[in-house]
Amino acid sequence: MSEVRTRFAPSPTGYLHVGGLRTALFKYLFAKNQQGTFILRIDDTDRERFVEGSVEHIFESLRWLGLEWNEGPEAGGDYGPYEQSQRFDIYHEYTDKLAATHALYPCWCSAERLDQLRKEAQAEKRAFKYDRYCLKHPKDLAEPHVMRFFIPESPLSIGWDDAVRGHVEVKTTDLDDFIAIKSDGWPTYHFSSVVDDQTMKITHVIRGDEWVASTPKHLLLYQAFNWEPPVYAHVPTILGPDGKHKLSKRDDAKSAIDYKNLGYLPEAVINYLASLGFNDGTEQEIYSPEQLTKVFSLERISKSPAVFDERRLDWMNGYWIRQFKLDELFAKVQGFWPAEAVAANDDFKKQVLGLVQERLKYFAELPDLTRFFFTDLPLDMKLVSENKQLKKLKSEELKDLLERSKTTLESSDFSVDDLSARLNKLLEETGQKPAVLFSLIRIATTSAPASPGLADTLAVLGKQHSLTRIDSWLAAF
RNA sequence: GGCCUCAUCGUCUAACGGCUAGGACACCAGGUUUUCAUCCUGGCAAUCGGAGUUCGAUUCUCCGUGAGGUCACCA
């Protein structure tokens, strides 16, 4: 039996968007499900597109989500180096092998000539295929040249059993003599990934949909080397809100780090990402990362693309937030409190957090939800004049009600029980509906458009703050 | 355009060829002593179209339509 080995091989050309992240997640889940090895490799042969800091960004993203790699940069392993930029000699060893069998041949064609051929192909409404001019007209090897892969006449067609899409087959005559080695001596993706996957003993190549068209080329490469190809699994794309195009920056596709900074939980992000294109056939919606690794299988990845719906992510994140014990949650929200809370002590903040836990979709909402606990908000008469219950009452009536509320509260010890009891009594005495009386007191003590339950809020706010705020409103009427 | 692929509620998805096409998000209504939220109850809402195979098709076949991917010295 051979151990399952999957790899995530991003190129450091920018940030890691959610599509790439989900592909990484699937590779991770599959490896873990099979007690296999999850490998990180950095595909950095394209020096021109290299973006400073993106390697660190990749590390941070994977680690935040808990997708620790067993082999790769900073983790080590027996099949390194794990950066393609460090593997030049390895590629050349294999280039020489293939060149010796004429599976690779040099090509000196200029960009201009190739452009011309492409234009012709387009005009004749067919796919571009290199015409093998240099095969018949070789030049000096000292001249700058690329190495092309010679697509053989046989087999006539080549196919594979894709773990998610089933059997896929294409005619080799539709294939182009692709460039395997660039003129700068570095391999293209097709060549380097095949060599790396083979030498790193990758058993399952799980990757995005955009690679199915080049899989036949990779298969031919394996054949030329006389190597056994891995199992392929092509994962569908994640679409933007329009449901038509790949999720992109324009749809404010966020990176993992963006979600981290907004206060999303890695558990929820993983749960959501996995639900995009995978389910285990049951009606369960919530899965911990551990549960996911138990139930995951490539066969149950869906074939069709999924639209990224942030509202569902928000629901899931809120769900996960509600599952935590207060102390655990408190530790997680460090750094998200409003600026006004700097002086507040932990006990007080914990009480506040307890009141808003079930209202939080992500931690970045914390300041707006809790600011009034830490500072006096400006009086906004609109809160009263636009309240559908209170706007019916005259200013004097409101003032009178608030006076009586103040008197009631002054005699309370401000425990939740005592507050509830006194507030209920006041309801009877005034003959007011809770919708009127409680709204008034709530607005007068918080100056916020929304807040947690009245007695709870008052208890946490404390007697002194509550009463002075009522005084301010009294003066304003 | 060539090649490859895909197609169930607005969205994520379930359904050995066989129940009234199920669940979740969102939305709407009601309930839990105010608001927001949670929670509970109910509601709205889908098999792209056409043939064929079959006693029976969301499921299998073909055609059409729509959509996506790819056709780089980028991955």
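**Reading burial, helix faces and an RNA surface**

Guide: With 10 C-beta neighbours inside 10 Å, Asp417 counts as exposed, and this residue is found in helix H17. Please keep in mind throughout that the model is predicted.

Visitor: Is Leu461 buried or exposed?

Guide: The general idea is to count neighbours, and 20 or more other C-beta atoms within 10 Å make a residue buried. Leu461, whose place is in helix H19, counts as buried because it has 20 C-beta neighbours inside 10 Å. Once its neighbours within four places in sequence are left aside, Leu461 is in contact with Phe373, Thr445 and Ser466. Trp108, by contrast, is 353 residues from Leu461 in sequence and 78 Å from it in space, C-alpha to C-alpha.

Visitor: Which residues of H20 are buried, and why do they fall on the same side of the helix?

Guide: For a helix, one may look at the directions from the axis to the C-beta atoms. In H20 the buried residues are Ser466, Arg469, Ile470 and Trp473; they cover an arc of only 105° around the axis, and therefore lie on the same side of H20. The face turned away from that buried side carries the exposed residues Gln464, Thr468 and Ala475. The cover over the buried residues of H20 includes helices H16, H18 and H19. As for its length, H20 comprises residues 463–476 and reaches 20 Å from its first C-alpha to its last, close to the 20 Å expected at 1.5 Å a residue.

Visitor: Which residues of H14 are buried, and what covers them?

Guide: In H14, which runs over residues 366–374, the buried residues are Leu366, Thr370, Phe372 and Phe373. Their arc around the axis is only 165°, which puts them on the same side of H14. Among the elements that cover them are H13, H18 and H19.

Visitor: How many residues surround RNA strand B, and which are the closest?

Guide: There are 66 residues around RNA strand B, and the closest are Asp43, Lys125, Ser304, Val307 and Pro434. Elements that give two or more residues to this surface include helix H4, strand E6, helix H11 and helix H17, while H18 gives the most, with five residues. By residue class, the surface divides into 23 nonpolar, 19 polar and 24 charged residues.

Visitor: How many residues of domain 2 are in contact with domain 3?

Guide: Chain A is divided into domain 1 (87–235), domain 2 (256–369) and domain 3 (376–476). Four residues of domain 2 are in contact with four residues of domain 3, and the side of domain 2 that touches domain 3 has three nonpolar residues, one polar and no charged. The C-alpha centres of these two domains, domain 2 and domain 3, lie 34 Å apart.

Note on methods. Residues numbered from 1 in each chain as written. Chains lettered and ligands numbered in written order. Predicted model: local features only at pLDDT ≥ 70, side-chain atom pairs only at ≥ 80, totals over all residues. Helix = DSSP H or I, 4+ residues; strand = E, 2+ residues; numbered from the N terminus. Expected span 1.5 Å × (residues − 1). Buried ≥ 20, exposed ≤ 12 C-beta atoms within 10 Å, placed from the backbone. Contact = placed C-beta atoms within 7 Å. Near = placed C-beta within 6 Å. Nonpolar A, V, L, I, M, F, W, Y, C, P; charged D, E, K, R; others polar. Domains from an automatic or database assignment.
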